[in-house]
Amino acid sequence: MNTLISIVIPVYNAEKHLPRCLDSVLAQTYKPIEIVLVNDGSKDESLAICRRYADRHEQIVVIDQKNRGPAVARKAGFDASKGESIMFVDADDTIRADMCDILIEAMHQDDADVVQCGFTQMDDEGKEVRKQGPLEKRIIELDERFTACAREEVPLLPWGKLIKRVCLSHVDFSELRYGEDHWLIVQLGACAQRIMLIPQQLYFYHQGPYGITQSAFTPGKFDSLKAWMLIHNLYERQAPFALPFARRRICGIALNLYAAASRCDLPEKEELLDRARSTYDCYYRRSDYDIAVSGIHSSLKNLLFHLSPRFCAALINTKLWKRLKTFAVKYCRFTGIQGEGMKCPRLPRKPIRLRARANGDRCAKNTKWTKDDGL
């Protein structure tokens with residue numbers, strides 16, 4: 001096999017972990033690879049590290065651009081790449097030496113458009129936290145791709161996958177800074193004819209306080225809501241049966257953003273709270289909340305949010321909330337309430353300021369978003 005694999009690595013302020021990442025990629029037993037490093041306006045020594053490695057290894061290409069977010073960086077790397085298959089790796093993660101070998105062999109053997117492997121979450125000290133991803137080998141055919149993405153059987157993450165170039169050429173690399181990976185993979189699921197899951201743990205995801213998802217609250221985090229509104233609209237057009245999953249996710253994100261915004265001291269705080277609440281009210285569907293899918297703690301959180309958003313936001317930021325979650329889970333296990341088909345606690349039929357609409361696009365228009373938000 002001589003199929004060229006392009007490994008695209010967005011880089012932003014990753015000087016601490018970038019050498020570890022590049023060493024693992026360069027150690028691949030599969031040799032027909034190119035490595036595209038996209039420096040996304042780093043303010044540390046990341047660009048210097050990229051150029052130093054490029055001077056030593058001819059298969060490395062370096063792109064330097066202003067900071068525009070990981071999605072735009074991946075797009076720039078994809079456009080500059082030459083491989084028939086693409087792999088995304090985060091600059092603070094590592095991969096197993098035989099990852100490319102295993103994924104490309106699986107792709108050719110089963111004629112898959114996307115191959116997803118298992119991944120291991122690591123802490124900042126390099127200790128294993130937990131293993132995640134597929135439990136067994138499985139092929140997802142055309143008729144079940146949306147269900148697999150909606151249930152996140154295909155992880156909504158850009159890494160841990162080998163993707164045929166033709167599939168990525170049809171997706172929109174949005175300029176969203178949060179939630180952009182979810183939007184990318186759902187689009188990929190819509191384009192791919194065949195997705196293969198394999199259980200081998202080939203990717204090592206290093207969880208640390210330096211990542212974009214671990215940063216303090218900013219209004220930009222509302223991008224994650226925009227991403228899921230786009231997903232909701234895509235499901236509405238192509239897979240209406242998956243809409244409950246998107247609505248649950250939107251409500252969960254809106255609730256968490258409300259809680260985060262309630263702690264900030266920004267001048268636009270009330271506007272952010274109103275935006276989160278109006279989005280939640282618009283997409284909420286009582287019948288969508290199945291405890292067997294959402295979890296009793298999510299149902300409890302929704303009940304409290306309906307009763308008093310500000311009280312709920314204050315509560316979930318305390319240790320008492322963790323105790324309530326633990327009690328609720330134990331109670332459900334004891335009483336058997338968490339059986340299949342059980343719904344969340346009965347809520348008011350019309351939540352305060354409910355603006356729900358049957359059509360998702362109309363629903364998006366009736367939330368507190370401006371034209372500049374692109375929805």
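A word on burial before you click anything: buried means under 20% relative accessible area, exposed means over 50%, and partly exposed is in between, using a 1.4 Å probe and protein chains only. What you are looking at is a predicted model, where local features need pLDDT of at least 70, side-chain atom pairs count only at pLDDT 80 or more, and totals for chains, interfaces and linings use all residues. Residues are numbered from 1 along each chain as its sequence is written, and side-chain values use heavy atoms, with hydrogens and water left out.

**The whole chain**

Start zoomed out, in cartoon. The protein chain has 15 helices and 10 strands; these are DSSP runs numbered from the N terminus, with helices being H or I of at least four residues and strands E of at least two. Of the 375 residues in the chain, 54% are buried. Contact here means heavy atoms within 4.5 Å. Among contacts with a separation of 6 or more, 81% are between residues 24 or more positions apart.

**Arginine 138 and glutamate 153**

Now for some charges. A salt bridge is a side-chain nitrogen of Lys or Arg within 4 Å of a carboxyl oxygen of Asp or Glu, and a search of the whole structure finds 16 of them. Select glutamate 153 and arginine 138, whose side chains meet in a salt bridge at 2.6 Å, N to O. Glutamate 153 sits in the loop between α5 (145-150) and β9, while arginine 138 is in strand β8 (residues 138-140), so the pair ties together parts that are 15 residues apart in sequence. Arginine 138 is partly exposed at 29% relative accessibility, and glutamate 153 is also partly exposed, with a relative accessible area of 29%.

**Lysine 164 and its aspartates**

Next, select lysine 164. Which residue has its closest N or O atom 3.5 Å from this lysine in a salt bridge? That is aspartate 111. Aspartate 111 is in the loop between α4 (99-110) and β6 (114-122) and lysine 164 is in strand β9 (residues 161-164), 53 residues apart. Aspartate 113 belongs to the loop between α4 and β6, 51 residues from lysine 164.

Aspartate 111 is exposed at 52% relative accessibility, lysine 164 is partly exposed at 23%, and aspartate 113 is buried at 11%.

For one more charged stop, select Arg74, Asp90 and Glu180, which are linked in a network of salt bridges.

**Histidine 206**

Move on to strand β10 (residues 195-206), the place of histidine 206. Is histidine 206 buried or exposed? With a relative accessible area of 7%, histidine 206 is buried. Show its neighbours: leaving aside residues up to four places away in sequence, histidine 206 touches Arg20, Asp92, Asp93, Thr94, Met122 and Asp123. With the side chain of threonine 94, the histidine 206 side chain makes a polar contact at 3.1 Å (a pair of N or O atoms within 3.5 Å; within protein, one must be able to donate a hydrogen and the other to accept it, and residues adjacent in sequence count only if both atoms are side-chain atoms).

**Last stop: α9 and α10**

Finish with helix α9 (residues 243-262) and helix α10 (residues 269-283), whose axes come within 8 Å and cross at roughly 160 degrees.

Note on methods
Axes are lines fitted to C-alpha atoms, for helices over the stretch in contact, and angles run from 0 to 180 degrees between N-to-C directions.
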